[in-house]
Amino acid sequence: MRLTQISMMAALAVAWVSPALAQQQKLPPGYTLKPTLTYKNAAQDPDGIWSADDLVPVGRPAQHPDIATARISTPAGEWILSQVLGGCSMQSDCPFQLILKKSNGTTAKVAGGVLADGGTAVLSADYSKIFTETYAGIETNPVDVPK
């Protein structure tokens, strides 16, 4: 019985401390992307990043998800981070896509993953990684820049 109580207290301590430790992690330097609400109740994505399947209505009453975006320009081209604020996890980590629009007009999806609703992402200075704030801490995703 005593061991069960100690195990339960240890589990509660870990559950309480984990989010606090995650908040202490810092994003590395690079190009900062902070998405802001762009399209509310989006049945389609005017930027063409998300498909209709990604924007299915949910809830009662049914409502399409919102889309938040951030844009930056670099010598490599224009970077667009688009985040669907629907289909998020219980911890409010929502899916994102990182798009690179080159000066020659080509567009490519170069990364994807999850980002906390209201969170910040950082693209590394060499464009090889994107770091995202999530409920669990900072996640690192590779960026696949086409040649």
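## The disulfide

A disulfide is a pair of cysteine sulfur atoms within 2.5 Å, and a search of the whole structure, which is a predicted model, turns up one of them. The bond joins Cys88 to Cys94, with 2.0 Å from S to S. The torsion about this S-S bond is about 105°, so the disulfide of Cys88 and Cys94 is right-handed.

Cys88 is partly exposed, at a relative accessible area of 30%, while Cys94 is buried, at 0%.

## How the model was read

Residues are numbered from 1 along each chain as its sequence is written, and side-chain values use heavy atoms, with hydrogens and water left out. Because this is a predicted model, local features need pLDDT of at least 70 and side-chain atom pairs count only at pLDDT 80 or more, while totals for chains, interfaces and linings use all residues.

The average pLDDT (the predictor's confidence in each residue, from 0 to 100) is 88, and 84% of the residues score at least 70. Please take care with residues 10-22: pLDDT stays under 50 there, and the model has four contacts for them beyond four places in sequence. A contact means heavy atoms within 4.5 Å.

## Overall make-up

Of the 147 residues, 33% count as buried. Among contacts with a separation of 6 or more, 47% are between residues 24 or more positions apart.

## The nonpolar cores

A nonpolar core is a set of buried Ala, Val, Leu, Ile, Met, Phe, Trp, Tyr and Cys residues joined through side-chain atoms within 4.5 Å. The largest has 16 residues, and Leu33, Trp79, Leu81, Leu98, Leu123, Ile130 and Val143 touch the most other members. At least two residues of this core come from each of strands S3 (66-74), S4 (77-85), S5 (93-101), S6 (107-116) and S7 (121-123). Another core, of eight residues, lies apart from it and includes Ala42, Ile49, Leu55 and Ile80.

Which residues does Ile130 contact, leaving aside neighbours within four places in sequence? Its partners include Leu33, Leu81, Phe96, Leu98 and Leu123, as well as Glu139, Thr140, Asn141 and Val143.

Notes: Buried < 20%, exposed > 50% of the residue type's maximum accessible area, 1.4 Å probe, protein only. Helix = DSSP H or I, 4+ residues; strand = E, 2+ residues; numbered from the N terminus.
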